[in-house]
Amino acid sequence: MNLNTITEVKRPTSAEQIDHWRDGYAWLGGGTWLFSEPQVSTDTLIDLDTLQWPALQQSPEGLDIAATCRIADLVHFAGPAEWSAVPLFRECANSLLASFKIWNAATVGGNICMSLPAGPMISLTAALDGVCTIWPADGGERKIPVADFVTGNHANVLRPGELLRTIHVSAAALSKRFAFRRASLTHLGRSAALLIGTRSKTGDDLLITITAATPRPIQLRFERTPSAMELRRMIDERIPADGYFNDVHGSADYKRHLTGYFAEQIRAELAQPGAGT
């Protein structure tokens, strides 16, 4: 879609060049949402491509994913053999409500900053205990877990002019076993529920991250594998009956059912020695 309200496109080579933020500015990453509908209150786009951030930076500490990293780059990342959770990248990319062609334009940061309940990059990075680095408009930086970054449907912690720089995923999280469950009312439709469970290879811990069924990520963290009854009780404590996201992609009751059903499948799968990818 043509954005006929845009009068200027800025192409900074460093974030410091945007030293004043005003109404009408918008960061431009992949643009897959920005160009999908009119942006009547926006007159200036700030192109993040010219910052030339490395898409992925691997280190012994883990993986730094630039906000501008294309989903295609993430999907094709191999990583060391011990990072057993890397196949989850493709699982979540395949959960996008978009053609695989969009992978070459859409960015990880854009999907997270859209902060939709069914944002699969939110599901991925929250499930792996990712931590966002945010650059405030006045300089410096602050860090916040992805699970706390999204606060509701299309809502997050970003303040005007703030920029999501990277998402860090630790080597420990990338080395976990995982189980993935997703359902949609249509074959290629938006997720009604997307749950990911992770467990240390040598521990009895369990982390279940619930997305799409709820307005924001909900995490259930256990030091040891719970019983089916303990898991069900924890879900009901953390998500009240009216805490499920009701929309055309699934009723709240349907999403509540899927959440309990998938969570139990994940619990049972990861409780088996050596199970999980």
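Tutor: Buried means under 20% relative accessible area. Keep that cut-off in hand. This is a predicted model.

Student: How many residues of helix 4 (residues 120-127) are buried?

Tutor: Eight of the eight, so helix 4 is largely enclosed by the rest of the structure. The buried residues include Pro-120, Met-121, Ile-122 and Ser-123. Leu-124, Thr-125, Ala-126 and Ala-127 are buried too.

Student: How does residue spacing relate to direction in a helix?

Tutor: An α-helix has 3.6 residues a turn, so residues three or four places apart point the same way. In helix 4, look at Pro-120 and Leu-124: both are buried.

Student: Which residue with a positive phi follows helix 4?

Tutor: Asp-129 follows the helix, and its phi is near 55°.

Student: Now the strands. How do strands of a sheet pair?

Tutor: They pair through backbone hydrogen bonds, either parallel or antiparallel. Start with strand 3 (residues 44-47). Strand 1 (residues 8-10) runs parallel to strand 3, joined by three bridges. Val-9 stands opposite Leu-45 there. Strand 2 (residues 25-28) also runs parallel to strand 3, with four bridges. Here Trp-27 has Ile-46 as its bridge partner.

Student: Are the faces of strand 3 covered or exposed?

Tutor: Both faces are covered. Thr-44 and Ile-46 lie on one side, Leu-45 and Asp-47 on the other, and all are buried.

Student: What is the strand order in the open sheet of five strands?

Tutor: The order is 4-5-10-6-7, and the pairing is antiparallel. Strand 4 (56-59) and strand 7 (142-145) stand at the edges. Each has a single partner strand, so one side of each is left without a neighbour in the sheet. Neighbouring strands are turned by 20° against each other on average, direction ignored.

Student: Which strands pair with strand 10 (residues 163-170), and over how many bridges?

Tutor: Strand 6 (residues 131-135) is joined to strand 10 by five bridges, running antiparallel. Strand 5 (residues 62-66) pairs with strand 10 over five bridges, also antiparallel.

Student: How many residues of strand 10 are buried?

Tutor: Six of the eight are buried, so strand 10 is largely enclosed by the rest of the structure.

Technical notes: Residues are numbered from 1 along each chain as its sequence is written. This is a predicted model: local features need pLDDT of at least 70, side-chain atom pairs count only at pLDDT 80 or more; totals for chains, interfaces and linings use all residues. Side-chain values use heavy atoms; hydrogens and water are left out. Buried means under 20% relative accessible area, exposed over 50%, partly exposed in between (1.4 Å probe, protein chains only). Helices (H or I, at least four residues) and strands (E, at least two) are DSSP runs, numbered from the N terminus. Two strands pair if DSSP finds at least two bridges between them. Axes are lines fitted to C-alpha atoms, for helices over the stretch in contact, and angles run from 0 to 180 degrees between N-to-C directions.
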